[in-house]
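User: Hi! I'm new to this one, could you walk me through it?

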Amino acid sequence: MEAVLDSTARPTAAPLVEAARRGDRDAFGALVEPELPFALGAARILTRSSADAADAVQEALLSAWHGLDQLRDPDAFGAWFRRHVVRAAMRIAGRRGRVVELDLATPDPTADVDRALERRTLARAFDRLDTDDRLVLTLHHYWGLPVAETAHHLGIPEGTVKSRVHYAMQRLRAAYDAEERS
Amino acid sequence: VSDDFEDLLRRWLRERGRADRDELAALAGRVAVLPPRRSGPRRPLLLVATFVVLVVALVAALPRLGQTVAEPSPSPSAPVAEPSPTTAALATYQGTGFSFDYPADWRVISEYRHEDLHGQTVAVAVGTGSFDLGCFVIPPPSDTPGGIECREPVWEVPDGGVVLAYYVRPYLGGVLPSPTLLVEPGEEATLVDGRAAAATTDPASLVWRWRLENLPWVIEARFGPENRKVNQAAVLDVIASWRWTPGDDATPAPAPTRPPWAADLEGALECDGPIQDIGGEVGSILPPLGGFGTASPYPWLEVIDDIELPLTGWVEDPDVPWETGQSGYVRFVNEVDGRLKATIVMAGHSVDGGQGHWSIVGYRACTADEFDPLRGITSDDAPWRDESGQVTDRVRAHVGPAHCGWESTTWLRFEGRLYLRDPLGLFADVEAGPYLPATELPADAAFTGFSSLGRELFATPDPSFVWVRTGVRVERWPRATEEFGCA
């Protein structure tokens, strides 16, 4: 009896990775394209700048392209590429060393004013966090990585991820409250 | 923390992270122009190819930390012969602030040390394989003052071999702090020369690790699958022999020559508003140890133009004879109307009138809007010049006013029109199209002849956009479709 293929299973990325390793840019493009929206989004959150985010993703593209031989599991390409993005974004964020206001919550006059103010307050509170807090919250709440993958991403134990998320949320909440009061 | 707040955070993160279609298209387009892949099992990435030569030269010139002479690291393709780890003969490694004994038939694989604005990067490795911390210093001139480029450490442990490394790396722009030691699941509390540590030393594991209280350092051992028990016993003997010495890396003493003016940099500033968070106070970063840095402090001043600080107007104060080696610290200040608005402290030393090792160790400034735009305070405010190199008012640019929250924008006036560098899309409603951070010059774009700090202005017959090219990067700045201002 023939095995029934799982129609929901993702095709393996191994052929694309192999082709990319041989220098096939189209194959590499096919690998990275699904990652780009969230990569750019996370880079924007971490660097607080669209221009820096684009720089970070470009750096990540280049480092991933040249580092393909270090990728052990082709099917883990997405997570591996995201690590390149995070490293590049954090490096650029650290290099900038300054806060860039990213107040995207410019109120839409047709939108609910309370909601707009809530988002603006949250934006300011988030920007008050240090880079480590922003990073762990971005990985966990924006990328939606489970604790285990976040731990793998950061090279820290799972228990540490949980405590970092917990304390980062506490600090964010405190910053939010402070922004509200001010 | 309520679930509602987490939901709010998730929604807002999605909103903030929403990618613009044009940006995504531009990035996807970058894939097609990637350079040819370099072949080989492991390749350092450097943004500019010419840095490779500089980095190789730097790495070759690294100072040796201890008294033990290091042998060249083996290449991954030519691992060293497996030694017998059972010999009783011991060698002593004397590092800066610590020492330990190790089997004499092991080698010193790596000795690396670098310190800059981002903290310390140190690695010492002994054993029978190879270890590469994966970090490279990028010297000036570059766009990264104090820059260090790190990838994952690379371990090569032959069958039957062992590598033991003591290291700290810049942790995502800073140093991973360990204010207290929490023993995580899978770890056990232990001591390393009397210091509390959390250790994973499961005999079944090929990787052992010690984290140390109040220290960002990690000691890590990796074992080959063969001969593991013997090597693990040898590693435990190394740990048991570990000795911290006074003035070690963990508790760095202030540099003995640090002058009083190098303390409390923030307190010295006379800002009307907030102080930019750039780097740390002097003392939180150790002065360079030698081998890195520049022959004089001045090159660093030439590479700070991507930070909102003045390009000009820096004055060395006090005027100290660093060239003669009589001073290990230099301070540069920038004043506006006699009030101190920015200060940079560099530390280093000079030998024989020039072979010094200088680096930035302290950096504080008011926000950009407190500097005089006429002095060309930032790259965005710098004057534009015509083809003859003369400053011109046919192109004028300035940073958006901070008191309206528009400091992320740059306003450029050209041919009577207003163009905006607007990375955050603050003025999307009045722009001819989105600002693009990385794009290509259109075929009909022509150089206007105007430039500013290496940026060149291009225009097309359609005045809806201008293009600003910096090196290989091209930005598209949209025209504002209506005039507006900030009260």
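Analyst: Happy to; we can go through the disulfide, a sheet and the cores. This is a predicted model, where local features need pLDDT of at least 70, side-chain atom pairs count only at pLDDT 80 or more, and totals for chains, interfaces and linings use all residues. Residues are numbered from 1 along each chain as its sequence is written, chains are lettered from A and ligands numbered from 1 in the order in which they are written, and side-chain values use heavy atoms, leaving out hydrogens and water.

User: How many disulfides are there over all chains?

Analyst: One, taking a disulfide as a pair of cysteine sulfur atoms within 2.5 Å. Cys271(B) and Cys366(B) form it, with sulfur atoms 2.0 Å apart. The two cysteines are 95 residues apart and link distant parts of the chain.

User: Is Cys366(B) buried or exposed?

Analyst: Buried, at a relative accessible area of 0% (buried means under 20%, exposed over 50%, partly exposed in between, with a 1.4 Å probe and protein chains only).

User: Switching topic, which residues touch the most other members in the largest nonpolar core?

Analyst: Among them are Phe28(A), Phe126(A) and Leu9(B), in a core of 66 residues. A nonpolar core is a set of buried Ala, Val, Leu, Ile, Met, Phe, Trp, Tyr and Cys residues joined through side-chain atoms within 4.5 Å.

User: And what is Phe126(A) in contact with?

Analyst: Leaving aside neighbours within four places in sequence, its contacts (heavy atoms within 4.5 Å) include Leu137(A), Leu172(A), Leu9(B) and Trp12(B). A second, separate core of 30 residues includes Tyr93(B) and Trp244(B).

Note on methods. Helix = DSSP H or I, 4+ residues; strand = E, 2+ residues; numbered from the N terminus.
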